Amino acid sequence: MVSGSRFLDERPDYDYGGHMNLRFYEPKDGVEALCRGVDLSGNVINTIRAVKHGEQIVIEQTDVLHETGLEIYRNGEVLREKFTDQKQTIRML
């Protein structure tokens with residue numbers, strides 16, 4: 001699930017080229033989560049994939065925009081990370 005990184009008090013749409021927050025719920029081993037961020041015109045500007053391998057999650061994005069936030073929900077806990085690289089590995093403890 002993707003959301004804007006600020007409240008939407010002025011308009012119902014959001015330019016995900018600025019900042020994105022991704023939520024990854026109860027990741028399963030080997031299952032890929034895919035998210036496409038769009039600009040205000042509906043053009044895909046970034047595709048992000050996340051895959052869990054054991055206690056690690058590998059995240060890849062097609063374009064490095066600004067800082068992207070990631071929230072991983074697992075077993076009632078939330079792990080929050082930020083990434084700016086095209087590929088990043090997060091270790092879950």
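Start with strand E2, residues 20–25. Show its side chains. Met20, Leu22 and Phe24 make up the covered face. Asn21, Arg23 and Tyr25 make up the uncovered one. In a regular strand, side chains alternate between the two faces of the sheet. Keep in mind that this is a predicted model.

Next, select strand E6, residues 68–74. E2 and E6 run parallel, joined by 6 bridges.

Now move to strand E5, residues 56–61, and select Gln61. Is Gln61 buried or exposed? With a relative accessibility of 3%, Gln61 is under the 20% cut-off, so it counts as buried.

Zoom in on the Gln61 side chain and look for two partners. One is the side chain of Asn46, in a polar contact of 2.9 Å. The other is the backbone oxygen of Asp85, which the Gln61 side chain reaches at 2.9 Å.

Setting aside residues up to four places away in sequence, Gln61 touches Asn46, Thr47, Ile48, Thr68, Phe83, Thr84, Asp85 and Gln86.

Last stop: Asp63, in the loop between E5 and E6. Asp63 has a relative accessible area of 36%, so it is partly exposed. Which residues does Asp63 contact, leaving aside neighbours within four places in sequence? Ile45 and Asn46. Select Asn46 again: its side chain also joins that of Gln61.

Finish with a distance. Draw a line from the C-alpha atom of Asp63 to that of Ile48. These atoms are separated by 8.6 Å, and the residues are 15 apart along the chain.

Technical notes: Residues numbered from 1 in each chain as written. Predicted model: local features only at pLDDT ≥ 70, side-chain atom pairs only at ≥ 80, totals over all residues. Heavy atoms only, no water. Helix = DSSP H or I, 4+ residues; strand = E, 2+ residues; numbered from the N terminus. Buried < 20%, exposed > 50% of the residue type's maximum accessible area, 1.4 Å probe, protein only. Polar contact = N/O pair within 3.5 Å; in protein donor to acceptor, adjacent residues only side chain to side chain. Contact = heavy atoms within 4.5 Å. Pairing = 2+ DSSP bridges.
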